[in-house]
Structure formats: structure tokens, C-alpha cells
Amino acid sequence: MHIAEGFLPPLHAAGWTAAALPFVIVSAWRVNRLMRDQPQTKLLLAAAGAFAFVISALKLPSVTGSCSHATGTGLGAILFGPAVMALLGTIVLVFQALLLAHGGITTLGANVFSMAIVGPWIAYGVLRGAQGLNAPLAVSVFLAAMLGDLATYTMTAGQLALAFPDPASGIAGSFVKFLSVFAPTQLPLAVVEGLLTVVIVNFLREYSGDELQILKFPSPTVAVEARS
Amino acid sequence: MRAIDHHAWTNRWRGWHPAEKLLPAGSLLILTLVLPPLTTAPLVLAGMALATVRGAGVPLKALLSVLAAPAAFLLAGVPFLAVSVDFAEGVNLHLSADGLRLALTTTVRALAAMSCLAFLILTTPLTDWITPLRRIGVPAGVIELILLIYRLIFVFFERALTGHQAQTARLGYSRVDRSVRSLGLLVSNLFQRALEQARRLEIGLMARGYTGELRVLAPKRVLSWPRLATGLGLVGLVGAASDLLARGLS
């Protein structure tokens, strides 16, 4: 859910940009070093970025009738890890603003913060946590993708609430308001995205064990299983 | 997506130095955000629409379709700026004059800002944005990553479209559960092919002496100071006019 260009007041737009900047710079520095040490990762990352953009442009099967798109945040975090996702997500968001007019330049910082930083970190944390509890892979992938999606949506609602506090009930009231406005589309979307990510990861385990190994897929046992 | 990219490459102002478009439109975007929206936004919207359609020769239809992109977001979000909620005694919804004004100013500000973005993306191809990025010190490796992604997006997009058509023709999207499965297959197939493409590209480049840097010729553009000055002057004029209007109204 991209915050539209010009929707946030100037101070908030600047504030979220400042908040997102350190994450993106650290990520850019790490990715740059990775690409210098191992040149072959550059093309892999380029393919991943283009892939993330294209799946975000695919329409998801919608339950409530509204048009909704996959975010790919959870899948990206599961496959590449959140440190890389901050830069890749930022590049994808810039492309979405410039090629699809989704989101914008002034709201880029806010969108990066919710979609390329908070979402991937939550998804990755949930995946790691669920794997630590020995949950089946399908369950942990589903939870990671779904909760990553929900975290993104909650963050966006929070950003809007901070920018537009309710005159009567303040920021808390506004937060509840924005959460409930977007819930009818975002809740089913998160479930669908979770299911979709499970289908994708299952397919990849079955047919692309080698690729998963290149990516150092977060659970070594999974990659080994897939190879055998 | 292709429509925007198409106009960016074929409009009348395509050959201009990117700074001549980026600086005026960028400063107008900042003006839109900081000046009172009710007087500034209509001027900005009109000015940018004129520049896009009359100046750069982009069809009005293309401009309108870009402006409509955030419409869904505005439609869902704006009404709730006008309505205020009170939890003091149960849930209590009411409309307030302040809320209505906030909703109105936010809508016109977002539309005006969108028109600046629309002007930029419809007149400036993506590769022209790279030079300013280099200026602000983005590492060369990251810039190359951006250019590679730009190229691959169109390759993958075509593949996704073909796959989607083939699945639709085989009733892959006739039910919700089938849609999830079909989309999952499509996406994972795409991913597998993307990795394969990356590997092939890498082998091909290695064979041609790739050392981690792709060198390409960039067309040389001369910055036209008169054009830049005119653009910035017009932006100043819009700012002054909206200031006068605001004072006249208050």
C-alpha cells in the first residue's frame, strides 16, 4: 500500500526519509562490497530486483473485489535476507514511482521505511523464530510472509496516523481509523500472499535446489533436503 | 507501465538536459508541499499540465491516466481525514469543519504533487535520472545494478504476461484457489528463469572480458542556461502568484 505523492505533510516526508536513509546507506554499502568481492552476485541481485518489481505489478486473486497487488516483501526477505532487501526494496519502489506512478518521490522515505525495512525484518524474524521452534517449513514461511505483510500495513497506518492525528481522539484514534479503513483489503491480501509464498517456496525447493544453495537459503537443512 | 516509458522516450523535450526538467519540476514539488495548498496547488496543477501537454507534447490521456494512479489511495484515505472518531462514550463518528478542510487541502496537495511527478516521468526517461544519482555519490556498482534492473524488468514483464495469458487460456484463473496456485506457479517459474537468465548473462559477459563494469556511451547533452532560467523563473512566478492570492483571500 503505497502512500501517494504529496499526501504526507513536508515535515513528515522529510522525517521518514531521514529515518530510512541510514538503513538504505548501510545496505547499499554492504551490497556494493558484496558485488565487488563476488561479481557474479551483481547479476543475481539485478535479476532479483527486476523479479520483485514484476511480481509487484501482478494482480493478486482478490477476495473483496478491490484490486490488490502482491508485495513480494516476505518472499524477498526469506530468499535474500533483510539487509539486502533495504536497498533492493528502495530501488524497486523508485521504479514503481517512475514507471507505474505508484507512490512518489516525497513519500519515498515513508514507503521505504514500511515496505523495505519494517516488513522484511519482521518477516525474517518470524521465519527465524518459527524455525527455531521447529515449526514445519510451510507454516513458518506462511507466517513470515503474512506477518511481514501485516507489519507493513500496520506501519503505514501508523505513519498516516502520526501525520493526521484525529482532532477528538488524537493519534491513537487516528491509528484505529486508518487500520480499519485498510483492513478489508489488507487482511485477505496478507493471507493470500502467505499462501502464495508457500506455493512458491515449495516449488523452488522441488525444482531449484541449486539456486537456493547459491542464495544460502536461511535453513541449511532445507537446501540439503532439496538437493537430494 | 509501457505507456509511461514510451512517452518518456518519445516526447518533444526528450533531448533536453535532464537538469532543465528536474530542477524546475523538483522546486515546484517543494513549493507545493510548503506553501498553503489551496492557493498553490491549482496553479501548480495547471502549470504542470500545460508544460506536459502543450510543451512536451504528451497526450492528455496519458497525463490523466498517471494522475489517476493514486486515486484509489486518495479515495480510501481522504474521507477518513474528514471524519473524526471519539472513543469517550462508545464509538462516535462526526464530521468537523477542520476535518473537511484537512481532507480538501490534502487532496489538492497530493494531486498537485502528482502532476509534478507525472511531468517528470512522462518527459524524462529513467536512464536520465542516473547522472544526478552519480553526482550525489551513489556508488558505481549500485548505479549499474539499477540499470541492469531497468533492462531486466522489461524482459521479465513480457515473460510474465505470456505465462499469464497461457494460464488464463487454460482456465487457470477461474476460481480463487486455482488462481492462488496458478499465480504461485507463474511466480516461481519466473524466479527460476530469472536466476537462469542471470547466470547466462554472467557467462556471456565473462566470455567478453567482463570485469565488473559495463561501459556504455551516454549521449552528450548541453545544458541550456536560458531554458533552465526560464523554467526556474516560471516556478518563481507560480510561487509569487500563489503568495499574492493567499494574501488577497485572507
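From the N terminus on, the elements of chain A run α-α-α-α-α-α-α-α-α, a secondary structure that comes to nine helices and zero strands, where helices (H or I, at least four residues) and strands (E, at least two) are DSSP runs numbered from the N terminus. The model is a predicted one, in which local features need pLDDT of at least 70 and side-chain atom pairs count only at pLDDT 80 or more, while totals for chains, interfaces and linings use all residues. Residues are numbered from 1 along each chain as its sequence is written, and chains are lettered from A and ligands numbered from 1 in the order in which they are written.

Of the 228 residues of chain A, 59% count as buried; a residue is buried if 20 or more other C-beta atoms, placed from the backbone, lie within 10 Å of its own, exposed if 12 or fewer, and partly exposed in between. Among contacts in chain A between residues at least 6 apart in sequence, 68% join residues at least 24 apart, a contact being a pair of residues whose C-beta atoms, placed from the backbone, lie within 7 Å.

Within chain A, helix H3 (residues 73–80) and helix H4 (residues 82–100) pack with their axes 8 Å apart and at an angle of about 135 degrees, the axes being lines fitted to C-alpha atoms, for helices over the stretch in contact, and the angles running from 0 to 180 degrees between N-to-C directions. That angle makes H3(A) oblique to H4(A), since angles under 35 degrees count as roughly parallel, over 145 as roughly antiparallel, 65 to 115 as roughly perpendicular and the rest as oblique. At this contact, A:Gly76, A:Ala77 and A:Phe80 in H3(A) meet A:Pro82, A:Val84, A:Met85 and A:Leu88 in H4(A). The residues involved divide into six nonpolar, one polar and no charged, with Ala, Val, Leu, Ile, Met, Phe, Trp, Tyr, Cys and Pro taken as nonpolar, Asp, Glu, Lys and Arg as charged, and the others, Gly among them, as polar.

The contact between the chains takes 64 residues from chain A and 65 residues from chain B. On the side of chain B that touches chain A, H10(B) gives the most, with 18 residues, and the residues of that side divide into 46 nonpolar, 13 polar and six charged.

For chain B, the domain assignment, whose bounds come from an automatic or database source, gives domain 1 (2–132 + 224–249) and domain 2 (139–207). The C-alpha centres of these two domains of chain B lie 33 Å apart.

Terms used:
Two residues are in contact if their C-beta atoms, placed from the backbone, lie within 7 Å.
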